[in-house]
Each structure stands twice: as structure tokens, then as C-alpha cells.
Amino acid sequence: MKEEEYMRVGTTLYKVVNQPCANGGYEKKRVVWNNSTLRQDYGKNYLATVPKYDGFCTVPNHLNYQKEIEGFLNLYEPIEHKPQQGDFSHIQSLMRHIFGEQYELGMDYMQLLYLQPTQKLPIILLVSEERNTGKSTFLNFLKAVFENNVTFNTNEDFRSQFNSDWAGKLLIVVDEVLLNRREDSERLKNLSTTFTYKMEAKGKDRTEIAFFAKFVLCSNNEYLPILIDAGETRYWVRKIMPLQSDDTNFLQKLKAEIPAFLYFLTQRELSTTQESRMWFNPRLTHTAALQKIIRSNRNRLEIEMTELLLDIMSNMNVESVSFCLNDLVTLLLYSQVKVEKYQVRKVVQEVWKLTSAHNSLSYTAYEFAPHRECHYEPKRKTGRFYTVTKEQLTAI
């Protein structure tokens, strides 16, 4: 059989080629061909032997892969690894390094990728300001496991309107992510939960396909790699520590253990059950690293309001503070923070999600008292006040 392979999909003839890559491997591509060239190369009867399909489909399956499904050519690529019992200690050490105390959750993530590839999963974001942490090694390991169903994107690829090269993949990974625009964040969140997506290539009509891609992002910025709002549950952020040793052959050792690792995943029992559309209960994947990014995304006024109220609690030795909007405006202006009442209302109601008392009631307000050692003095007032606790402010 000849090395090259031809196929007709719909009314279009394709030649399957292996395009050499810089790393020494190959990338499989379908190049549009024409009938006359095929006849010149192989004679007029060869065209009749070319496989014919009605169209393309994208159906992921790692254990029972089908190249053709009811006359349609499956664009999802098979993976070459065959599960086989054995040792995978190097992969185990990588998983423990990346997921730490959430190791079992990390194993669940890999098991779901392998056995339930259409299941929605959280956006993984690995962050560390330090070098030599193993973040890129983890991305390369994912590529080695799922092969052509993993694509490395840049920030520009993600923003491009043309997405035909990554819309049908299992994993979309970005090594140095910096998606700090609001539209980037919204697009990423929407893609992580959508079931269909419009695929678009240059010079071709947009077509709707099933979308099941998961995102794994890495960044050296621990504070603002991407905009994440308070209450966001779609991100799983892990801070990665530096590696204790540097093994230049580590990736090769990982690749050798993949069949044993996949066998383990087929035998392992999940440590979690589905509790959300992205499988995991959000409280399980909530981390201090996620909270750091959320806090860094807060606007300046919110930070000033938080610091002011925490200062009052600390000086007056109380766990909560009640206030009307005018109370806060006065305190902020006294602290030389220029602010309008509507701005304070927006933070209190839309960001902190606080609701005021239903009726005008008596409460303890606090005013500046420079002559006092604690700088504040309590004063009884009446109004439809809000109440916020120290626990709420430190959790935001």
C-alpha cells in the first residue's frame, strides 16, 4: 500500500500528509487535492479506489475509537497507547507535584479526560513566578498522552476568529497565558461550558460542531494572568512550587509509563461524583491561589472600602459593621478617597451582594474621631442599613 492516503469527503478530494515539526515529530494534515493530479500520478482507475465519506464528524473515544461513523469521517484522532499493567512512578510523582494535596482530584481529572472525554471540566490554571516548576512538563505530558487531540495555542490564537485548527480538540493548552481583557475572560468562560461552537476557517463558511475542549493554562503571573471575578467557579488554580531536582530525561520516562498509567485509570474508582456541570463541587477546587487572583482583580474603591471597614472592626474590636451608604461616603471622603454614592452602592450591592434592612431601623454607625485613640466613635442612627462581617470581607 502506498504511503500517502487519499479520501473524498462530500465532494472534496483530500490527501493526508505528515507535515514535519520542529521537534522532530509529525503533524497529520488533510490537504485539499484535485482529481486531475491524482489521475496523472496513479492513472484514471485509481480514483475509484479512494475511500468516500458523506462528511466530517467529531466523536471522541479513547477505548473504542471509530474512524468512520455511519458514513462520516471522524476528525477526532485515535491515540496510539494501549493500556498495559505496569509501573508509572514518574507520572505519579509529576501528578503529586502539580496537584499536591488535591492529588486524588487531579487523578479524577485525568480519568475523566480519558474515559469520559465529552464531560465538561474546570479550567486549570497553573501559576508560579518562579522558574523550573514543571508546568511546561505537565503540558507536554498531556500532549504525549492524548497526542494529536491536544493543541498548543498562543494568546493570539485564542483571540483569533479563525478556530478550525483547535475547535475539535480535547485539550487546548496555553503555556504563557495573559488574557487580561474582559472579553478574553468572558470568551474563555463561555467556551468552557458550551456544548456547541461555530467553527470558522479562512475562506470557508462557519459550521456548528460539538465542543468538548478543556483548557489548561500556565502563567508566571500569580496576580493577574486573567480576569476572574468573585464567586467564579469555573477555574481550578494551582500554585506550583519549584522542582527539587532537574532530570533532563524526565519527559521520556513519563512517555514510557503512559500505557501503565492508562491501564490504572481504567481500573481506578473515581474519588468524586458529579456535583456540578464541570463535575467537581466548586468548594473542592477552590484554592488560595484562585483567591489571590480574585483579590487582585478588585477595583481600587472596593479595596479602599474593605480596608476601611476592617480597620473599624480591628480598632473597635467588633466582628461586623452596619452602615448606610452615606456613612461610608463620609468616611471615605475623610480618608481622602474621592467617591460618589452610586459607586459605593455598586460595590455594596453588585460585588458584595449585600441587601439592606427592610425597614428603617436603629443601628450603630461609626464616625471618625481623630482625638480618640481608636480613631472612631460609635453613634446610634436610624436607617435602612447594610451589615458586613469580617469573615465576609476576608473571604472576598
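Author: A disulfide here is a pair of cysteine sulfur atoms within 2.5 Å. This structure is a predicted model, and a search through the whole of it finds zero disulfides.

Reader: Thanks, that is a clear start. Why is Cys57 called buried?

Author: Buried means under 20% relative accessible area. Cys57 has 18% relative accessibility, so Cys57 counts as buried.

Reader: And what makes Cys324 buried or exposed?

Author: The relative accessible area of Cys324 is 16%. The cut-off is under 20%, so Cys324 is buried.

Reader: Let's go to the helices. Why is Tyr114 called buried?

Author: Tyr114 sits in helix H3. Its relative accessibility is 2%, and buried means under 20%, so Tyr114 qualifies.

Reader: Which residues does Tyr114 contact, leaving aside neighbours within four places in sequence?

Author: Tyr114 is in contact with His62, Leu63, Ile79, Pro83, Phe146, Leu262, Leu265 and Thr266.

Reader: What makes Val237 a buried residue?

Author: Val237 belongs to strand S14. With 0% relative accessibility against a limit of under 20%, Val237 counts as buried.

Reader: How far is Val237 from Ile124, in sequence and in space?

Author: They are 113 residues apart in sequence, and 5.9 Å apart in space from C-alpha to C-alpha. Not counting residues up to four places away in sequence, Val237 touches Leu125, Val127, Ile228, Thr287, Ala289, Leu290 and Ile293.

Reader: Which residues of helix H10 are buried?

Author: In H10, residues 288–296, the buried ones are Ala289, Leu290, Gln291, Ile293 and Ile294. The buried residues of H10 pack against S8, strand S14 (235–239) and helix H14 (390–395).

Reader: Which members of the largest nonpolar core touch the most other members?

Author: This core has 44 residues, and Tyr109, Met110, Phe138, Phe141, Phe146, Leu171 and Val216 touch the most other members. Elements that each supply at least two residues include helix H2 (89–99), helix H4 (135–146) and strand S13 (214–219). The largest share, eight residues, comes from H3.

Reader: What does Val216 contact, beyond its neighbours within four places in sequence?

Author: Val216 is in contact with Tyr109, Ile124, Phe138, Leu139, Leu142, Leu171, Ile172, Val173 and Val174.

Reader: What lines the largest cavity?

Author: Its lining is Leu309, Ile312, Val321, Ser322, Phe323, Asp327, Leu328, Leu331, Ala365 and Tyr366. Helix H11 (300–316), strand S15 (320–323), helix H12 (325–334) and strand S16 (361–368) are the elements giving two or more residues. By class, eight are nonpolar, one is polar and one is charged.

Reader: How does the second largest pocket divide by class?

Author: Its lining has four nonpolar, eleven polar and seven charged residues. The pocket holds about 490 Å³ of space. Of its 22 lining residues, Asn132, Gly134, Thr137, Leu243 and Phe250 lie nearest its centre.

How values were computed: Residues numbered from 1 in each chain as written. Predicted model: local features only at pLDDT ≥ 70, side-chain atom pairs only at ≥ 80, totals over all residues. Heavy atoms only, no water. Core = buried A, V, L, I, M, F, W, Y, C linked by side-chain atoms within 4.5 Å. Buried < 20%, exposed > 50% of the residue type's maximum accessible area, 1.4 Å probe, protein only. Helix = DSSP H or I, 4+ residues; strand = E, 2+ residues; numbered from the N terminus. Contact = heavy atoms within 4.5 Å. 1 Å grid on protein atoms, 1.4 Å probe; cavity = no way out; pocket = protein on both sides within 12 Å on 5 of 7 lines; lining within 4 Å. Points joined across faces, edges and corners; volume = space filled by probe spheres on them. Nonpolar A, V, L, I, M, F, W, Y, C, P; charged D, E, K, R; others polar.
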